[in-house]
Amino acid sequence: MRPIAVYVHIPFCTVKCGYCDFNAYAGMDNLKFDYGRALVSEIDALGDLLEGRVVSTIGFGGGTPGEIPAGTIGSVIAALRQRAPLAPRAEVSLELNPGTTSEDAIRDLRAFGVTRLSIGAQSFNPAELRFLDRIHSVEATVASVRMARRAGFESVGLDLIYGLPGQSRANWAASLAAATALGPDHVSTYALTVEDGTMLARRVARGEVEPLDADAVADLYDLATEVLEAAGYEQYELSNWARPGHQSRHNRTYWTDGEYLAIGAGAHGYHNGERYENIAHPRSYIAAVEAGSSPPFVALANRYAPDCATSMSDWLALRLRLIEGFTPVEFAGRFGVRLPPAVTGVLEECRSAGVIEYTAERVRLSRSGRLLHGEVASRLLLACRQSAADGGN
Ligand code: SF4
């Protein structure tokens, strides 16, 4: 049976953080019950798509999945298991925020089959947490990690944000040290970005907040690499470090062109060569699922098959997020053609500039090139389009 991953989006949060542009909503607790029922109905409607498949991983993301009753998470896992078997040692991961999920709920999540928790620590500095609008304390993060371990979770990750306005190396080093002292199995670090339409963007526009300059952000990234490597974590993706055996298999599906079904408001899926996206607003999503028209995709907002140039550039950009990179043979296996000359030209230029390196048969970003992934991805997209316009040459 062919493996497939499943992403489940839980869009609820206690507070909408000022920097956040995710499909996440505060003040909608009254929808949680109906939303849980809609998730199960959507899985029922997807039925045939799961026929003959084995679910390799399930990822609950958000929003804050830890803020929905654990029983709802259990119902979703049970509904999926009714439709398709879970692979042996399937990874079932869930994001939670410190201080908003009780110890009993964490135990229940473990009992319902969740295998891995990602805890949104973000910072171990109280002033930074306040700047980010996070409602938890440093103590709550510590308590969440301990509760997860007591509940029997063998894979616990911490998410951190760096590059805050005015953030010093010393403050970032202190957060990294506090994080590693808790012994997580996985650490994700994300640079704070100013996204259009957010409260943070408005504060920046009004001159109330001055973003950290790019060189300082790059310096903090390098510091994370040094500290986490020294603490025994292996970087396997641009923003992710893990102890052996603890890489996120669910997220690897995204980076390696694997198929995944999307469940929930605003969730994105990739199936049978098509990308699709559900209706974003939770209330509209619930209404669409209840109406149940057009199964298997009963909450569809958008579905399209990327053209070949987009598929190739997406594939290359995602593979280059992985520290291992890719081989030209893997590319040929996926697309049935060799790397187009326009692409090899870009890769060669990047190699000359020290951004890309070739190791044995692999192509990957160099250590210093990891900060330039976005630039490389843009150039590869242009090269793929140029190649398509030239008839594939
Ligand atoms: S808790 Fe996470 S998903 Fe929710 S608003 Fe804050 S950053 Fe966004």
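**Backbone exceptions, salt bridges and cores**

Good morning. I begin with Asp257, which lies in the loop between helix H9 (249–255) and strand E11 (260–263). The helices (H or I, at least four residues) and strands (E, at least two) that I name are DSSP runs, numbered from the N terminus. The model is predicted, so local features need pLDDT of at least 70 and side-chain atom pairs count only at pLDDT 80 or more, while totals for chains, interfaces and linings use all residues. Residues are numbered from 1 along each chain as its sequence is written, and side-chain values use heavy atoms, with hydrogens and water left out.

Let us stay with the backbone. Most residues other than glycine have a negative phi, and most peptide bonds are trans. Asp257, although not a glycine, has a positive phi of about 70 degrees. At 22% relative accessibility, Asp257 counts as partly exposed; buried means under 20% relative accessible area, exposed over 50%, and partly exposed in between (1.4 Å probe, protein chains only). Arg89, another residue other than glycine, has a positive phi near 60 degrees. Arg89 is found in strand E5 (residues 86–96) and is exposed, with a relative accessible area of 70%.

Two peptide bonds also deserve attention. The bond from Gly62 to Gly63 is cis, with omega near 20 degrees, and Gly63 sits in the loop between strand E4 (53–62) and H2. The bond from Pro295 to Pro296 is cis as well, with omega near 10 degrees. Pro296 belongs to the loop between helix H10 (282–291) and strand E14 (300–304).

I turn now to charged side chains. Side chains of opposite charge can pair when their charged atoms come close. How many salt bridges are there in this model? With a salt bridge taken as a side-chain nitrogen of Lys or Arg within 4 Å of a carboxyl oxygen of Asp or Glu, the count comes to 25.

One of them joins Asp44 and Arg83, at 3.7 Å from N to O. Asp44 lies in helix H1 (residues 32–46) and Arg83 in helix H2 (residues 70–83), so this pair ties together parts that are 39 residues apart in sequence. Both partners are partly exposed: Asp44 has a relative accessible area of 36%, and Arg83 has 37%.

Arg206 and Glu208 form a salt bridge at 2.6 Å, N to O. Here Arg206 is exposed at 51%, whereas Glu208 is partly exposed at 46%.

Asp314 and Arg275 meet at 4.0 Å, N to O. This pair links distant parts of the chain, with Asp314 in helix H11 (residues 308–321) and Arg275 in strand E13 (residues 274–278), 39 residues apart. Asp314 is partly exposed at 26%, but Arg275 is buried at 16%. Elsewhere, salt bridges that share partners join Arg2, Arg53 and Glu259 into one network.

Finally, the interior. In soluble globular proteins, nonpolar side chains tend to be buried together. A nonpolar core is a set of buried Ala, Val, Leu, Ile, Met, Phe, Trp, Tyr and Cys residues joined through side-chain atoms within 4.5 Å. The largest such core has 102 residues, and those that touch the most other members are Val8, Tyr35, Phe60, Val114, Phe153, Tyr285 and Leu316. Where does this core lie? Domain 1 (2–254) and domain 2 (308–389) both contribute residues, so the core lies between them; the domain bounds come from an automatic or database domain assignment.

Tyr35 has contacts (heavy atoms within 4.5 Å) that include Phe12, Ile68, Pro282 and Tyr285, leaving aside residues up to four places away in sequence. A second, separate core of 9 residues includes Cys17, Cys20, Leu132 and Leu192. Thank you for your attention.
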